[in-house]
Amino acid sequence: MENIKKVALITGATRGIGKQIAITLAKEGYNIALNYRKENEDLENAKKEITELGVRVLAVQGDVSKYEDCERFVKEIIEKFGHIDVLVNNAGITRDCLLIRMKEEDFKQVIDTNLGGTYNVTKNVISYMMKAHSGRIINISSVVGIVGNAGQTNYSASKAGIIGFTKSLAKEVASRNILVNAIAPGFIETDMTGVLKEEIKNEIAKNIPMKRMGSAQEVAKVVKFLTSDDSSYITGQVINVDGGMVM
Ligand code: NDP
């Protein structure tokens, strides 16, 4: 083990919610294992911003929908850092379309990335956490996994699946002092929602009790809580971060 700092692995952490989670946990003193898919400017910026916070950053390449990639990068993290204390399954995609027009590929890709990716990474991390008799796993679901959304049968199924996965795993590993929870964000300002037209965003915001979109930081703060001692008796839960959108 190279040092005694705790290590957090965050998938899809080059931008959006994942990047903010990485920054927030770095501020808490975690060394960061940052998973990315493509080498680009976003990756360089994320690495630089996190390194400037005085912690170590290990960027690990891998497509979470591919089991072999996850197996390889988890091994790499263990070799370099010796342990993984926190896992945040954040990487996710949308391929929105009404079911009548949805191609099999669009359904499969979303399930394989969002739900399959959560399995692929967690499966490779869990044995280390079980040996350590400690760990925190936070899975990023969505309110759409709870209430559904027209045009998102693929995404909604993947996010509902993450909730089932979270609760089942929480029951399996609670006695090993590993806490597994999910966060269900509502409508958060990132590239994912940035593709929507301004008038559509305003229309959605109007129907949110708090009348605004949320920020990536507001999601990251809940991740911070779920990794802290303050949440030591919470497992198998889904916490909505949605300005009251779903209640
Ligand atoms: P963004 O599209 O802004 O970022 C997604 C991140 O995931 C990127 O870093 C992307 O990498 C990465 N990623 C995508 N596919 C893979 C893959 N196969 N392997 C590794 N990394 C991958 O999304 P958000 O930050 O908005 O979303 C983060 C999570 O929060 C997702 O799970 C999303 O479903 C969820 N969420 C978001 C909401 C919102 O309103 N924004 C609401 C509810 C849930 P790359 O740069 O290579 O594409």
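Biologist: How far does a polar side-chain atom of K159 lie from an oxygen atom of the ligand?

Modeller: A polar contact is a pair of N or O atoms within 3.5 Å. For K159, a polar side-chain atom lies 2.9 Å from a ligand oxygen. R37 places a polar side-chain atom 2.7 Å from an oxygen of the ligand. V64 uses its backbone: an N or O atom there lies 3.0 Å from a ligand nitrogen. The protein covers 96% of the 900 Å² of accessible area that the ligand has on its own. Such areas come from the Shrake-Rupley method with a 1.4 Å probe.

Biologist: What should I know about the model itself?

Modeller: This is a predicted model, in which local features need pLDDT of at least 70 and side-chain atom pairs count only at pLDDT 80 or more, while totals for chains, interfaces and linings use all residues. Residues are numbered from 1 along each chain as its sequence is written, and side-chain values use heavy atoms, with hydrogens and water left out.

Biologist: How do I read empty space?

Modeller: Rolling a probe the size of a water molecule over the atoms shows where empty space is left. On a 1 Å grid over the protein atoms alone, a cavity is a set of points where a 1.4 Å probe fits but cannot get out, and a pocket is an open set with protein on both sides within 12 Å along at least five of seven lines; lining residues have an atom within 4 Å of a point. The ligand takes the space of the largest pocket. That pocket holds about 1300 Å³. Of its 49 lining residues, G92, T94, Y155, T190 and M192 are closest to the centre.

Biologist: What lines the largest cavity?

Modeller: Its lining includes T11, V64, N89 and N90. Helix 4 (104–132) gives the most, five residues.

Technical notes: A polar contact is a pair of N or O atoms within 3.5 Å; within protein, one must be able to donate a hydrogen and the other to accept it, and residues adjacent in sequence count only if both atoms are side-chain atoms. A molecule sits in a cavity or pocket if more than half of its atoms lie within 2 Å of its grid points. Grid points are joined across faces, edges and corners, and a volume is the space filled by probe spheres set on the points. Helices (H or I, at least four residues) and strands (E, at least two) are DSSP runs, numbered from the N terminus.
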